[in-house]
Structure formats: C-alpha cells, structure tokens
Amino acid sequence: MDLFAHLKAYDYGEIHFKYDKATGLKAIVAVHDSRLGPALGGCRFLSYERDEDAVVDALRLARGMTYKAALAGLAHGGGKSVLIRPKTHFDRAALFRAFGKFVEDLRGHYITAEDSGTGLEDMEIIRSVTKNVTGVDPSSGGSGDPSPFTALGVRRGIEACVRQKLGRESLDGVHVAVQGVGHVGYHLCKELHAAGAKLSVADIDPLKAERAEREFGASVVSLEDIFDIECDVIAPCALGSALNDQTIPKLKAKVVAGAANNQLAEPRHGDDLHARGILYAPDYAINAGGLVNVAQEVLGYDAQKARERTMKIYDTIYEIAERSAKTLTPTYRIADLIVEEKLAAAGPAPSRPK
Ligand code: NAD
C-alpha cells in the first residue's frame, strides 16, 4: 500500500498503529486534523479482508469527522479508530483494555467513542484505562443514546430549510416524508408531529412504520413511493446513497433534509439537486446533534447545554442555504467551504499534551 499517497489524498494528518501480540489487537488511529482541538471520533470493530481496507476506512472516516465537528462549532478535530476483528477466538475485554491503553498513550490527542461493532460495554472497558473515551454509561456521566439529539438537530435543520426555501416560519401544516423510522427517524417524527407537521413514512420494517402511524398519525407509504409523493420535505433517515440517479428525478419536494449519512450517492448528485432547484441540507451539517451531545460529555455532561448547542444547527443550515442561493453554488460545496474557512482561520494545531 502506498501509505503516504493515501495520507496526501485525504489531506492528513497523522496515523497511529498498534499491534498487541498478547491480545491480538490490531488498531489504527487516524487523526485527520487537530487545529480546532483534540480529535474526536468513534471506534469501529469490524472484519476486513485486507489491512489496507481498514486503513483507508480510518482515513476516510476521520476526515469526515473533522468536517462534521468544525461545522457544528465544536472545539474538536476529526479522528477515527479502526480495530481489525481477529479471525480466531479472542478475549474481547482484554482486547478493548489493550486498545484503551493505546488511546491513553496518545495523551488526549484522540478521544474515542462507540461506532459500528462497538457498544457501551466496550467503552466501559476502555474507560477503566483511560479517561479519553465518550459514550460511557449515563450512570458514569455518559451522554446516553445520541438519536434524540440527532433528531432534534434534523428538526431544526428542516425548520431552517422551510423558512429559507418555502418562506414558511413554522412547520405547522408542512408535509414531511420520512424514509426510515428507526432510532433517529422515530424521534424526528415525534419532533415534527409536536410542531404540527403532516407526516408520511416508509420503513422496511412494517412494525416501525405502523408505530409512527399510531403515535403520530403518519400515513404509511411503500418503500418505492416515498421519494415520489407530493410533499414539502423529504427526510432520508435510513441508509446512505438515498439520493441517486433513480430517486432524484422522482422528487417533488423542494427540500431534502434528513439524518442519514452519505446521502449523495456521488458528489454530482448534489449538483443535480441544486440544478433542479431542490434545497439539500448537507448530511454532515444537519445530523451533527449526536456528535454535539457526545462532545458535551468531554466537558462534563450537561443535557441542557447539549440541547442548546444542537438547536444552533438551525443557524448553520440557514447560513448554508443563504450562501448557496446567493452564490448559485450547491449546498454540499458551501458546507465544505465553511469548514475550510474555519480550519484556515484556526492557525496551526497546538502542541500535543505532555
Ligand atoms: P436505525 O437502524 O435505527 O434506523 C434505520 C431505519 O431505516 C430502520 O428502521 C430500517 O428498518 C429502515 N430502513 C432500512 N432500509 C430502508 C429502506 N430501503 N427504506 C426504508 N427504510 C429503511 O438507524 P439510525 O440510528 O436511526 O440512523 C439512521 C441514519 O442516520 C443512518 O444513516 C445513520 O448513519 C445516520 N445517523 C444516525 C445518528 C444517530 O444518532 N443514531 C447520527 C448521525 C447519523
């Protein structure tokens, strides 16, 4: 693998490796940028066919975290850790303890959290050897389930889009179609229903869709039709790549604003939405509420402060929409531009803590 070519391509940064013979730990910590503060980002524990794939995953995801944290106004840079799941029997507690020691050795330069393949119990084990971990049990000062905060941020982002694009000051009577009513989608429907919005939902799990129908009076539509219906806003809250060559031509909504990560199948789909006059709220800008909540844990958890900060996602989305309209530039590019401005203004990264 041409490691430094990858680092250059992703505009790095630094990368740390640890192999612990005793536990079989193979860990990669990518610190993309720390100009705004210590790198914060989750820990993945997954199987990889090749070590190289794990490295690229870490590099790509940590870069995304830099952008997300900066846009959310957090004093954090972007980081990510990837632990390659051993192919043979292993002692999970010992492995995560060894990882915690690795994080501790980075002396606060990287702060870890849950991600795919890791959970609360793993974070508790890491916490036994380092304080540089978030997402621990609420009984130990942790921030708990991020989904309600993510949903709150998405609701605020939808409010900003509806004002900027549709000239409406409230969500009362606004028709929102939600694709995926899992953790975030459910809480989003709750927020939107409380604000007087009319809801349509689709989910591959009929029980989840029925719950939204029962609790929030949502109309249940088929998976195929959700992007096709007459509505004001479409909120993708299921998987990535929801906005693609098949779905975009069907859209009747003038706003796309949802929680899912990587909504644009390719960047050109952001250009396509812009060309069609559809306001797209960049995913990493609108879905940052969960990260804001976790970042609050680093400072000493305070749910009220996390909520107040999440509410500000409204201002970020409004600014992006305004700049996009004024400069005739797609919103996903404006979001990146704002981050690049913030990073340039931050100056060099501070020295590593001793
Ligand atoms: P989840 O798994 O709880 O919910 C996803 C829902 O989508 C499920 O109910 C699933 O049945 C449904 N679904 C899957 N494929 C579908 C399809 N083709 N059509 C309709 N429904 C479909 O996940 P979540 O935690 O609610 O996250 C949703 C999205 O938001 C993901 O992309 C996630 O990466 C992103 N996100 C989540 C958070 C968070 O705080 N949980 C934060 C930031 C971003």
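Colleague: Where does Arg107 lie, and what makes its phi stand out?

Modeller: In this predicted model, Arg107 sits in the loop that runs between helix 3 (92-105) and strand 6 (110-111). Its phi is near 50°, which is a positive value in a residue other than glycine.

Colleague: What makes the bond between Tyr12 and Gly13 a cis peptide bond, and where does Gly13 lie?

Modeller: The bond joining Tyr12 and Gly13 is cis, with an omega of about 15°. Gly13 belongs to the loop between helix 1 (3-9) and strand 1 (14-20).

Colleague: Why is the pair Asp57 and Arg60 called a salt bridge?

Modeller: The rule asks for a side-chain nitrogen of Lys or Arg within 4 Å of a carboxyl oxygen of Asp or Glu. The side chains of Asp57 and Arg60 meet at 2.6 Å, N to O, and because that value is within 4 Å, the pair is a salt bridge. Both residues lie in helix 2, three residues apart, about one turn of the helix. A search of the whole structure finds 21 salt bridges.

Colleague: How many salt bridges does the rule find across the interface of domain 1 and domain 2?

Modeller: Across that interface the rule finds zero salt bridges, although four residue pairs, both members at pLDDT 80 or more, are in polar contact between domain 1 and domain 2. On the side of domain 1 that touches domain 2, the largest share, five residues, comes from helix 2 (residues 51-71). The residues of that side divide into ten nonpolar, four polar and one charged.

Colleague: How do you know that domain 1 and domain 2 touch, and what area is buried between them?

Modeller: The domain assignment gives domain 1 (3-140) and domain 2 (147-334), and their C-alpha centres lie 28 Å apart. Contact requires heavy atoms within 4.5 Å, and 15 residues of domain 1 are in contact with 14 residues of domain 2. The area buried between the two domains is about 1200 Å², with carbon and sulfur atoms giving 73% of it. In domain 1, Lys68, Leu71 and Leu74 lose the most area to domain 2, together 46% of what that side buries.

Colleague: What makes strand 7 and strand 8 a pair?

Modeller: Pairing needs at least two bridges between two strands. Five bridges join strand 7 (residues 175-179) to strand 8 (residues 198-202), and therefore these strands, which run parallel, count as a pair. In this pairing His175 stands opposite Lys198 in strand 8.

Colleague: Why is the sheet of six strands called open?

Modeller: The six strands follow the order 9-8-7-10-11-12 with parallel pairing. Strand 9 (219-220) and strand 12 (279-280) stand at the edges, each with a single partner strand, so one side of each is left without a neighbour in the sheet.

Definitions and conventions:
Residues are numbered from 1 along each chain as its sequence is written. This is a predicted model: local features need pLDDT of at least 70, side-chain atom pairs count only at pLDDT 80 or more; totals for chains, interfaces and linings use all residues. Side-chain values use heavy atoms; hydrogens and water are left out. Domain bounds come from an automatic or database domain assignment. Buried area is the accessible area (1.4 Å probe) that two parts lose on being put together, summed over both. A polar contact is a pair of N or O atoms within 3.5 Å; within protein, one must be able to donate a hydrogen and the other to accept it, and residues adjacent in sequence count only if both atoms are side-chain atoms. Helices (H or I, at least four residues) and strands (E, at least two) are DSSP runs, numbered from the N terminus. Ala, Val, Leu, Ile, Met, Phe, Trp, Tyr, Cys and Pro count as nonpolar, Asp, Glu, Lys and Arg as charged, and the others, Gly among them, as polar.
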